[in-house]
Amino acid sequence: MKLKIFCVAILTFCFAALLCPTWRVANADIVPQTDPNTTLSRGRALLKQGHADQALGYLENALSLFTQSNSSRGIAAAQDALGDLYLIQGQYKVALDHYRSAYEAFVAASSKDETNQAAANSVASRAGSTAAAATETAGSAAANGFNANLMLAKIGDTNYRLGHTSEAGTAYAMMNVKKPESAAAKATRRLGGLGGIIGAAQTGRVSIGVPTDAAVGLLETKKEFDEYRVAIIYMTYELGMGRIAFANNDLDTARKHFQNALEAGSGALPVVAKLGQTRRFRTAARTSLGDVALRQGKYSDAAKLFSEAGKTAEKDNRLDLMWPALRGQGRSLWLQAGQESPDKAAKLREESLTAYRSAIKQIETIRAGSLRADESRSTFLATTKDVYDEAASEFAEMALMNSAAGATGGNPTVREGAPLTGKALDYAAEAFRVSEEGRARSLLDMLGEVNAQITEGVPPDLLKRKQDNLESQQQIADQLTGINLTAEQKRKPAELEAELDKLQVEFDDIENQIRTASPRYAALTAAQPLSLTDVQQKVLDDNTVLLEYCLGADRSYMFAVARSGVSLFKLPRRADVDKLATDFRAQLIPPKLQRRIVGIDIADDQQRGLGIVQGPSENLSTFAAAANALYKAAVEPAASLIGDKRLLIVSDGALNYVPFEALVKTTDGGDYASLNYLIKTNEVVYAPSASVIAAIRGTSPTPGSPAGQPGWGGAVREGSKKILLIADPIFRADDPRLNGGMAVQTSGEARGLGLGLASAVSDVAGSGGQTPVGMQLARLAGTRVEAQEIAKIASAGGNQPDVWTDLTASEDNVRGRAVSNYRVVHIATHGLLDAERPQFTGVVLSLVGNKTGDGFLRTDEIFNLKLGNSLVMLSACETGLGKEKRGEGVIGLTRAFMYAGAPTVGVSLWSVADKSTADLMTDFYRRLLGPSANTPSVALRDAQLAMINGKKYSAPFYWAPFVLVGEWK
């Protein structure tokens, strides 16, 4: 079972993903601040709004101001915010440094409070009139204790993310926790007084004992907050330790910790037990107990535990937390069916499918980007992707069980592929729908990880209401479970949570209004996937076959859909398919380019990539074997249905990062040119999902074409001939093109890579998260020549090319100028396709001379561009295949350009030498823009075939990285 990294709500903060630690991003809003609290508050607000690049300057300034004033508490708060900022970058080690510094500062603050407390108690013992002062000091001490424990929990969680379970356990063990007072216990005895507040700070173990002695006049509000925080810390500790034990497969220990958390949440004082976070932890504990039983193979017990967890979540009115329990119930019942008689097994399987349907229904009610979505993503061992993957797999298996082969009593043959009918077709249709839904949700969750704000197509007034609502929600959440900088609490937890619930309802209403006002936004955020019948009628033509893959932990499936019928094939499990794809990719790309990022070095490199003089592998037989192995596993089962038709590929996992065109049907061939490539018989195009093709056809018809059937006329409007070529940006402040300071870097001095860009570089380079100090992006001088040659071709064909190079090849221009007027937008620069953390995928434009932004055009920012009905071609992308091999890297990037208005996007899956790329691209544009006026997919295929036949660049390394995603007509 795949583990979900655990991070409770008190640890979860969502910001925009890409920062620039060595730059100070210019913005009219940034002004010198002298008040540290105001500066910190502004920095936090910017983080919540998704402007992390701007927030960095404020937070570092706040840290400096707090340091100057020797405020331990302020220093800790600033360090904590910086830790959160780096955490969202995936820079876990840097985040750990900040969290440790924050913890040490809170311990220091507690030490000061201990001294002050002793004095306050002494005075209070002599004069009752000064008890209020003692109470305030006590509140400060309790707050610092709570905050210190939060830091230890964050340190534990971050180590867990790094896979350092031992260090994670050590951090959790340092937490000074106290089991919450139960209602029964409180009825029989009084809690301790002020003396229990301060622990032995000098030992590094900070107490969070609760000051509740009525003799010192503590207000009811403060009592409730203290009791609430004791419970939060205790359950955080128990759930965290349980997750670590579960990861280490110490299931008995995990069960004990989860049981402790459940008992604490269930038997807590009424004022605590009824609060939302307590209910959340209670559901998490029950669900996790089910996960333990499931892993132990106790399927019947697990199903009962999951059922109870779901009922409790429903009773607690936390429907958003029901889906993990429903998913667990579905999984348990399905596995239990394998141990029962045929009649009982059939009943259990139907109950399993019902549970999965309910789980998906609940997931779809959770608005992406909301606090509830953050909680849902960070609370449970399972992920929403698990739900869709497992559900699609089980519906597909039911389809095969009910197929003609399955009805005879034998197992369906994976290579038969007879068209499905009747009940088998019904199950396959539901499996397909779930697969399509899962792809859409996965993209939304990826955007949610970086707090992406989709603004294009959203009415400004509704956008402002949405942003204000989210900020209000975050402010209340911070009061409840965030770092506490003030001991004073004016409102009870229950009052705050009631307001939070109200804001959530308002947020849902605003989202509905936005979707009504903007069909394009609705198609992205609340897409209704097409049925199989709709795909056959609205997406496919008689000459196109859809191959859609659904990879699962236990088994995988391929849908082969033509207008005439639907077939379903069982494939190897995800890990095996991913390995075949990775092995194939390893044979495509020279070894030197597999571990080190192409085109990146300390020194300038006039080639498009490092080690580019080394061509593809000379071991033809090894390449052919790898290419044929993947073909046999992923394509050949449907060979009889495919014939020579066009293939529309909807990939999954590592399949997103390999070109199907380069697969070979046999291993015969004496050289690269003579191999039997799939491209020789089939045109190949790709799509994020089948439903996306219908969506872009419905929103971007080509002038002169029937509504909903765009066809690639190439024109944004009648007579459009404009072509935009963006190439050879300036990446370094010492670039000689700047002529000793021609451009003013208004966003600060460029000294290396910004943090967000560095995160992407380290991921793609496979450097384990470590980016060498001073690393620079190499200039891609060859892209300038490439753009100039394409411009000549465009002009010769009567088109009007615009070439943006140097400082003109900037993020500001792409965002600000009227790029919607162009028929083609060709971007030749460094691109980064991150399969480990797709949120770091983007395109690098000029890193110098920006007035706004940082020059790294990320996926979430591309969604907000305004493109016309343009063909977008991305040249020179680098790809990193991390251990997760998530497909959202290439899917997210291409879907973003489609949302911005481009029906077809060309992307390179790796970067290739300048000469071969220039040859391929110029030939492609001759065929696209010349008298024949081919569609992009036909033009690209013909250019690739010509390169194969030309022998010199016949190896797939040269011609295969470029693929087209989206519309092919």
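A: Residues are numbered from 1 along each chain as its sequence is written, and side-chain values use heavy atoms, with hydrogens and water left out.

Q: What does the pLDDT average for the protein chain?
A: The average is 76, and 71% of the residues score at least 70; pLDDT is the predictor's confidence in each residue, from 0 to 100.

Q: Where is the pLDDT below 50?
A: Residues 187–219 are one such stretch, with 73 contacts in the model beyond near neighbours in sequence. Residues 594–614 are also below 50, and that stretch has 72 such contacts. Contact means heavy atoms within 4.5 Å. Where pLDDT is low, the predicted coordinates should not be read in detail.

Q: On to helices: at what angle do H1 and H3 pack?
A: Helix H1 (residues 36–48) and helix H3 (residues 72–88) pack at about 20°, with their axes 11 Å apart. That makes H1 roughly parallel to H3, a label for angles under 35 degrees, with over 145 roughly antiparallel, 65 to 115 roughly perpendicular and the rest oblique. Axes are lines fitted to C-alpha atoms, for helices over the stretch in contact, and angles run from 0 to 180 degrees between N-to-C directions. Helices (H or I, at least four residues) and strands (E, at least two) are DSSP runs numbered from the N terminus.

Q: Which residues make that contact?
A: H1 supplies Leu40, Arg44 and Leu47, and H3 supplies Ala77, Ala78, Asp80, Ala81 and Leu85. By class, six are nonpolar, none polar and two charged. Here Ala, Val, Leu, Ile, Met, Phe, Trp, Tyr, Cys and Pro count as nonpolar, Asp, Glu, Lys and Arg as charged, and the others, Gly among them, as polar.

Q: And how do H13 and H16 cross?
A: The axes of helix H13 (residues 323–337) and helix H16 (residues 384–401) come within 10 Å and cross at roughly 35°. Their contact has four nonpolar, two polar and six charged residues.

Q: What about H14 against H16?
A: Helix H14 (residues 342–363) and H16 have axes that come within 10 Å and cross at roughly 145°. Among the residues that meet are Leu353, Tyr356 and Ile360 in H14 and Tyr388, Ala391 and Phe395 in H16. This contact has eleven nonpolar, two polar and five charged residues.

Q: Changing topic, how many aromatic pairs are there?
A: The count comes to ten. Rings of Phe, Tyr and Trp (its six-membered ring) pair if their centres lie within 6.5 Å; planes under 30 degrees apart count as stacked, over 60 as edge-to-face and the rest as tilted. Phenylalanine 432 and phenylalanine 559 form an edge-to-face pair, at 5.6 Å centre to centre with 85° between the planes.

Q: Where do those two phenylalanines lie?
A: Phenylalanine 432 is in helix H18 (residues 422–449) and phenylalanine 559 in strand S2 (residues 556–562), so the pair ties together parts that are 127 residues apart in sequence.

Q: Lastly, which residues have a positive phi without being glycine?
A: Aspartate 806 is one of them, at about 55°, and its place is in strand S7 (residues 800–806). Lysine 951 has a positive phi of about 70° and sits in the loop between helix H34 (936–949) and helix H35 (956–959).

Technical notes. This is a predicted model: local features need pLDDT of at least 70, side-chain atom pairs count only at pLDDT 80 or more; totals for chains, interfaces and linings use all residues.
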